[in-house]
Amino acid sequence: MSHSLSQVLQQRLQQRHAQQQYRQVATRSGLQGTQVTVAGQALLNFSSNDYLNLAGNPSLIAKVQQQLSYTGLGSGASHLICGHSEEHEALCERLQNFIGAPRVMLFSCGYMANLALLTTLFERADLIVQDKLNHASLIDAGRFSDATHRRFRHLDNESLRQQLRGEFRLTGVVTDGVFSMDGDSANVAQYLAMPEMNNKTLIVDDAHGFGVVGHRGVGVTEGLWQDHSEQLILMGTFGKALGSAGAFVAGSAVVIDALQQFARPYVYTTALSPVAALTTLVAIESLSDHPQWLTQLQQNIAYFRYAAESEGLPLMPSTSAIQPLLVGDESSCLTLGEKLRQQGFWVGVIRPPTVPQNQCRLRITITREHTEPQIKQLVTTLAKLIAKNKD
Ligand SMILES: Cc1ncc(COP(=O)(O)O)c(C=O)c1O
């Protein structure tokens, strides 16, 4: 029996509502920052990935404004037609130096970059093995690739070894650097040192580590490029710590050359806006001039963990800016998120399919410009709400 599209979609949407998994867009007014306004309500923002608070940084905005009439607004075409500007090229060179990678290319977003990596580099005779908690864009990319696709238990070396078994032409091991919903990190150096990784490629999606992790903010691959530039591929995004938009892939010359020739999500799409390229360039330069930004963020993360532990909040083993609080079912998580909102705090309420069933969580993110009193206020409010729930 045939149905109309709206009948089928209504049914699916009703199911989403019934499972308490329906999501809503909230419109923010003004700049991204630690204090934001949503529908007239002032909120302390603990939900953004703008870890260094660069998206609304006045000095970065002024620098971008100064060059805007030279840069212009749009790229006008794909990189291979006429969309690749001086700003894109300067950003690639700056990223190569910053990371210490042989070559870098740009993508319009991280989803596209991941799609390009796994569908272009691996073909039918090949194997892709991914951490089970990798970002959805990597899991989708693995499914869309013609290669055999396997997953190993989260951060479990033994499970990875098992999944590497068998004869394949090429093998790619794929992991998030900092995991987006758990905040813990892959031990990339350990993976590279495994004898089973000999002749295999390691692909790291460090969307949440790039710009904040490591002594210089290179992320989880900092210091590994000199010895592993042929084996390592890094995907990083500009929409999080760098306060801009877009993404890059860093790797060997041959990997970048092949992606530029064969990756359909690179070839058949308009190049990233030069404004985003310029903003990212300015952000990386500012980060190099302000190493204290990284320590300030680390201090805030440590303070949050100290305050939360003092209140007995059930923290997860994360040292990153992502500090989730496991709640369980959808209804309890939604209620907690809503009550926090009523009291002036904005945190991410994360439910399936983003996380497994019964692992709904509040995804609290700590940023550089949060003050200790703001963090303390959040922790005390949370502790009171959780205690009330138990009564
Ligand atoms: C780990 C990870 N990879 C990739 C992406 C996708 O990046 P983008 O937002 O630039 O598409 C995200 C988030 O959006 C992410 O958290």
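Helix 5 is the biggest giver to the shell around the ligand, with three residues. Helix 5 (110-121) and strand 9 (232-237) each supply at least two shell residues; helices (H or I, at least four residues) and strands (E, at least two) are DSSP runs, numbered from the N terminus. Keep in mind that this is a predicted model, where local features need pLDDT of at least 70, side-chain atom pairs count only at pLDDT 80 or more, and totals for chains, interfaces and linings use all residues. Residues are numbered from 1 along each chain as its sequence is written, and side-chain values use heavy atoms, with hydrogens and water left out.

So who's around the ligand? There are 14 residues, and the closest are Gly110, Tyr111, Asp205, His208 and Lys240 (a residue is near if one of its heavy atoms lies within 4 Å). Sorted by class, the shell has four nonpolar, seven polar and three charged residues, with Gly counted as polar, Asp, Glu, Lys and Arg as charged, and Ala, Val, Leu, Ile, Met, Phe, Trp, Tyr, Cys and Pro as nonpolar.

Now the polar contacts, meaning pairs of N or O atoms within 3.5 Å. A polar side-chain atom of Lys240 sits 2.8 Å from a ligand oxygen, while a polar backbone atom of Tyr111 is 3.0 Å from an oxygen of the ligand. His135 puts a polar side-chain atom 3.5 Å from a ligand nitrogen. On its own the ligand has 380 Å² of accessible area, and the protein covers 80% of that (Shrake-Rupley method, 1.4 Å probe).

Methods. A polar contact is a pair of N or O atoms within 3.5 Å; within protein, one must be able to donate a hydrogen and the other to accept it, and residues adjacent in sequence count only if both atoms are side-chain atoms.
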